[in-house]
Amino acid sequence: MEVVTCRSCSRSQCSRRIGTLLLADTGLRDEGIAAIASALRTNFSVSILDLRGNPFGEPGMRELAEAMLINSSVVSLSLRDNGLRDVEIEMLARSLHDNT
């Protein structure tokens, strides 16, 4: 497994198994989070996902929460400094509870 950051990800790297995805403070909004969530629905090698400091909201969290219903490989998810509201955290908590 290799660590890939947003800045270092190229087409050739993205075809490899990625265990750690570091996307902190990359400006990801709802559309970017939706793309990550889409990948997580079929990629079960990512175990560490760092999304700290990204300005996404309810639509992005909804996508991420739905992906977490399917994906149980992510064991570390960092969402610090995202300004998430209670409703968004509750969405994710329900998904994680239902995924166990």
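Author: Begin with the terms for direction: angles under 35 degrees count as roughly parallel, over 145 as roughly antiparallel, 65 to 115 as roughly perpendicular and the rest as oblique. The axes are lines fitted to C-alpha atoms, for helices over the stretch in contact, and the angles run from 0 to 180 degrees between N-to-C directions. Helices (H or I, at least four residues) and strands (E, at least two) are DSSP runs, numbered from the N terminus. This is a predicted model, in which local features need pLDDT of at least 70 and side-chain atom pairs count only at pLDDT 80 or more, while totals for chains, interfaces and linings use all residues. Residues are numbered from 1 along each chain as its sequence is written, and side-chain values use heavy atoms, with hydrogens and water left out.

Reader: Which pattern does the protein follow along the sequence?

Author: The protein has 4 helices and 4 strands, and read along the sequence they give β-α-β-α-β-α-β-α. Of the contacts with a separation of 6 or more, 73% are accounted for by residues 24 or more positions apart, where contact means heavy atoms within 4.5 Å.

Reader: How do the axes of H2 and H3 cross?

Author: Two packed helices are described by the angle between their axes and the distance between the axes. Here the axes of H2 and H3 come within 8 Å and cross at roughly 5 degrees, and the two helices are therefore roughly parallel to each other. Asp-30, Ile-33, Ala-34, Ala-37 and Leu-40 of H2 meet Glu-58, Pro-59, Gly-60, Glu-63, Leu-64, Ala-67 and Met-68 of H3. By class, this contact of H2 with H3 has 8 nonpolar, 1 polar and 3 charged residues (Ala, Val, Leu, Ile, Met, Phe, Trp, Tyr, Cys and Pro count as nonpolar, Asp, Glu, Lys and Arg as charged, and the others, Gly among them, as polar).

Reader: Which residues of H3 and H4 make their contact?

Author: The axes of H3 (residues 58-70) and H4 (residues 86-98) come within 8 Å and cross at roughly 5 degrees, and these helices are therefore roughly parallel as well. On H3 the contact is made by Glu-58, Met-61, Arg-62, Ala-65, Glu-66, Met-68 and Leu-69, and on H4 by Val-87, Glu-88, Met-91, Leu-92, Ser-95, Leu-96 and Asp-98. The residues of this contact divide into 8 nonpolar, 1 polar and 5 charged.

Reader: Which residues are buried in H3, and where do they lie around its axis?

Author: An α-helix has 3.6 residues a turn, so residues three or four places apart point the same way. In H3, Gly-60, Met-61, Leu-64, Ala-65, Ala-67 and Met-68 are buried (buried means under 20% relative accessible area, exposed over 50%, partly exposed in between, with a 1.4 Å probe and protein chains only). Seen down the axis of H3, these buried residues fall within an arc of 160 degrees, so they line one face of the helix; the arc is that of the directions from the helix axis to the C-beta atoms. They pack against H2 (30-40), strand E3 (48-50), strand E4 (76-78) and H4.

Reader: What covers the buried residues of H2?

Author: In H2, Ile-33, Ile-36, Ala-37 and Leu-40 are buried, and they fall within an arc of 100 degrees down the axis, so they line one face of that helix. What covers them includes E2, E3 and H3.

Reader: Is Asp-81 buried or exposed?

Author: Asp-81 is exposed, with a relative accessible area of 62%, and it is found in the loop between E4 and H4.
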